[in-house]
Amino acid sequence: MKRRKRILLTLIIPLFFICVTTSVLLLYTRESEKNSKRLTSEILLAAANEQSDLFSIKLESEISLLQALSATLSAQYPSTPEALIQTIAQTAEATDFRNLIVTDTSGAGISDDGQQVQLKERDYFAKALAGEITVEYLA
């Protein structure tokens with residue numbers, strides 16, 4: 001009987017320690033995974049906020065540049081449509097803008113490639129006339 005008891009205890013005690021150790025490792029792994037997910041989420045959120053801040057700074061810079069260009073054109077408006085197109089095209093080339101359009105308050109305008117455009121029906125044009133700065137994607 002003693003021998004059986006000893007053999008039984010010899011098997012049970014190591015199995016018990018193995019079960020306890022495995023449980024502790026599983027709990028630690030689960031907690032580490034939670035912490036890893038939390039840290040990853042925090043890092044991604046911080047990166048998104050940084051990108052948003054950089055975009056806002058870039059946008060403010062571009063708006064300031066457009067306001068300066070508008071003031072310059074208002075002060076020194078070219079005398080002919082050809083001179084206006086050339087001025088707009090040179091400005092577009094010297095900046096990061098892909099296209100520039102100069103309009104009057106009725107919405108009639110001319111683009112940097114010389115095309116006549118009508119912006120009167122566009123929401124962003126009405127907002128601009130009201131003094132509001134808007135940003136829209138134009139396809």
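Student: What covers the buried residues of H1?
Tutor: The cover includes helix H2 and strand E1, where H1 spans residues 2-75. The buried residues in question are Glu62, Ile63 and Leu73. Before we go on, note that this is a predicted model, in which local features need pLDDT of at least 70 and side-chain atom pairs count only at pLDDT 80 or more, while totals for chains, interfaces and linings use all residues. Residues are numbered from 1 along each chain as its sequence is written, and side-chain values use heavy atoms, with hydrogens and water left out.

Student: What makes a stretch a helix or a strand here?
Tutor: Both are DSSP runs, numbered from the N terminus: a helix is a run of H or I with at least four residues, and a strand is a run of E with at least two. H2, at residues 81-94, has 14 residues and therefore meets the helix requirement of at least four.

Student: How do you know that the span of H2 is close to what is expected?
Tutor: The expected span is 1.5 Å times one less than the number of residues. For H2 that gives 20 Å, and the helix reaches 20 Å from its first C-alpha to its last. H1, with 74 residues, reaches 108 Å, which is close to the expected 110 Å.

Student: Why is Asp112 called buried?
Tutor: Buried means under 20% relative accessible area, exposed means over 50%, and partly exposed lies in between, using a 1.4 Å probe and protein chains only. Asp112, in the loop between E2 and E3, has 12% relative accessibility, so it counts as buried. Ala92, in helix H2, is at 9% and therefore also counts as buried.

Student: How do you know that the buried residues of H2 line one face of the helix?
Tutor: They are Leu84, Ile88, Thr91 and Ala92. Seen down the axis of H2, they fall within an arc of 100 degrees, so they line one face; the arc is that of the directions from the helix axis to the C-beta atoms. On the other side, Glu82, Glu93 and Ala94 are exposed.

Student: What makes Ala92 and Asp112 a contact?
Tutor: Contact means heavy atoms within 4.5 Å. Not counting residues up to four places away in sequence, Ala92 touches Phe97, Leu100 and Asp112.

Student: Which residues make up the largest nonpolar core, and what makes it a core?
Tutor: A nonpolar core is a set of buried Ala, Val, Leu, Ile, Met, Phe, Trp, Tyr and Cys residues joined through side-chain atoms within 4.5 Å. Eight residues make up the largest one: Leu73, Leu84, Ile88, Ala92, Phe97, Leu100, Val102 and Ile110. Its largest share, three residues, comes from H2. In soluble globular proteins, nonpolar side chains tend to be buried together.

Student: Why are E1 and E3 said to stand at the edges?
Tutor: Three strands form an open antiparallel sheet in the order E1-E2-E3. E1 and E3 each have a single partner strand, so one side of each is left without a neighbour in the sheet.

Student: How do you know that E1 and E2 pair?
Tutor: Two strands pair if DSSP finds at least two bridges between them, and three bridges join E1 to E2. Ile101, for example, stands opposite Ser111 in E2.

Conventions. Axes are lines fitted to C-alpha atoms, for helices over the stretch in contact, and angles run from 0 to 180 degrees between N-to-C directions.
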